[in-house]
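Visitor: I am new to this structure and would like a short tour. Could we look at it together?

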Amino acid sequence: MSVTGSVPPHVETGRLRVHDSHIAGLRTVASLEALKGVLALVGGFVLLSLRHKDLGDVAENIIEALHLNPAHRVFHAIIGAAGRMSHKRLITIVCVAVGYAIIRFIEALGLWHARAWAEWFAIVSGAAYLPLEIIEVSKHPTHIIRWGVLVINILVVLYMIYVRWDALTEEKRCPEGV
C-alpha cells in the first residue's frame with residue numbers, strides 16, 4: 001500500500017485540481033513579484049555603485065537626461081536631498097532594497113508552487129499598498145503609470161482572493177479525513 005493510498009482520493013485530487021486550475025495565474029503573479037524583486041535589486045546595486053559619487057550631480061544629470069526641468073521645485077528638492085545623502089543612509093537604503101527583494105523572491109517562490117501562505121501573503125501585501133496608490137492617483141488623476149499600477153494591484157489582490165476562496169470552498173466540500 002502506498003503513502004498516497006492512505007489519503008482519500010477526492011481530497012488528494014481536490015486540492016490539486018483547485019490549484020491546477022489556477023497555476024497559470026499564480027505563476028503570472030509569481031513572475032510579477034519576482035520582477036519587483038529584480039527591480040529592487042537593480043536599484044540597490046545602482047545606488048551601491050554610486051556610493052563614491054556626488055549623488056546631487058548624478059540626480060541632476062538624470063533629470064536633465066530625461067529632459068526635465070531641474071529648476072522645478074520637485075526636481076530641485078530631489079537634487080538637494082540626493083546631494084545631502086550620507087554614505088550610511090545610502091547603505092541603509094541598499095539594505096532595505098535587498099530585504100524587499102528577498103521578501104518578493106520568497107513570495108514568488110511560494111506562489112510558483114501554489115502555497116497557501118504565499119497566496120495569503122500576496123493578498124495582505126497587495127492590499128496594504130492600495131490606500132497609498134489610491135491617494136497617489138487622487139493627487140495625480142492624469143498620471144497613466146499610477147493608474148496602471150493601481151489597476152494591476154487591484155486585479156492581483158482580487159485574483160488572489162478568488163484563488164483562496166476557491167481553495168477554501170473546495171476544502172469545505174472535501175474535508176480531510178472524510
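Guide: A term first: buried means under 20% relative accessible area, exposed over 50%, and partly exposed in between, with a 1.4 Å probe and protein chains only. By that scale S86, with a relative accessible area of 38%, is partly exposed. This is a predicted model, in which local features need pLDDT of at least 70 and side-chain atom pairs count only at pLDDT 80 or more, while totals for chains, interfaces and linings use all residues. Residues are numbered from 1 along each chain as its sequence is written, and side-chain values use heavy atoms, with hydrogens and water left out.

Visitor: Where does S86 lie?

Guide: S86 is in the loop between α3 and α4 (87–112). Its C-alpha atom is separated by 9.1 Å from that of R51, and the two residues are 35 residues apart along the chain.

Visitor: How many helices and strands does the chain have?

Guide: There are six helices and zero strands, giving the pattern α-α-α-α-α-α along the sequence. Helices (H or I, at least four residues) and strands (E, at least two) are DSSP runs, numbered from the N terminus.

Visitor: And how much of the chain is buried?

Guide: Of the 178 residues in the chain, 28% are buried.

Visitor: Let us turn to α5. What is the distance between its end C-alpha atoms?

Guide: They are 35 Å apart, which agrees with the 34 Å that the 24 residues of α5 (residues 116–139) should span at 1.5 Å a residue. The expected span is 1.5 Å times one less than the number of residues.

Visitor: Where is the kink in α5?

Guide: The kink, of about 30°, lies at L130, shortly before the proline P131. The bend at a residue is the angle between axes fitted to the seven residues ending there and the seven starting there. L130 is also one of the buried residues of α5, among them A118, A122 and E133.

Visitor: At what angle do α5 and α6 pack?

Guide: The angle between α5 and α6 (residues 144–173) is about 150°, and their axes are 9 Å apart. Axes are lines fitted to C-alpha atoms, for helices over the stretch in contact, and angles run from 0 to 180 degrees between N-to-C directions. The two helices are therefore roughly antiparallel to each other; angles under 35 degrees count as roughly parallel, over 145 as roughly antiparallel, 65 to 115 as roughly perpendicular and the rest as oblique.

Visitor: Which residues of α6 are buried?

Guide: They include L150, N153, V157, M160, R164 and E170. The 30 residues of α6 should span 44 Å at 1.5 Å a residue, and its end C-alpha atoms are 43 Å apart, in agreement.

Visitor: What about α2 and α3: how do they cross?

Guide: The axes of α2 (residues 55–65) and α3 (residues 73–84) come within 6 Å and cross at roughly 150°. That makes α2 roughly antiparallel to α3. Within α2 is A59, which counts as buried at 13% relative accessibility. A59 and I79 are 20 residues apart in sequence, yet their C-alpha atoms are 5.5 Å apart in space.

Visitor: Now the loops. Is H67 buried or exposed?

Guide: H67 counts as exposed, at 73% relative accessibility. It lies in the loop between α2 and α3, and its phi is near 60°, a positive value in a residue other than glycine.

Visitor: And A114, buried or exposed?

Guide: A114 counts as buried, at 14% relative accessibility. A114 is placed in the loop between α4 and α5, and its phi, near 55°, is a positive value in a residue other than glycine.
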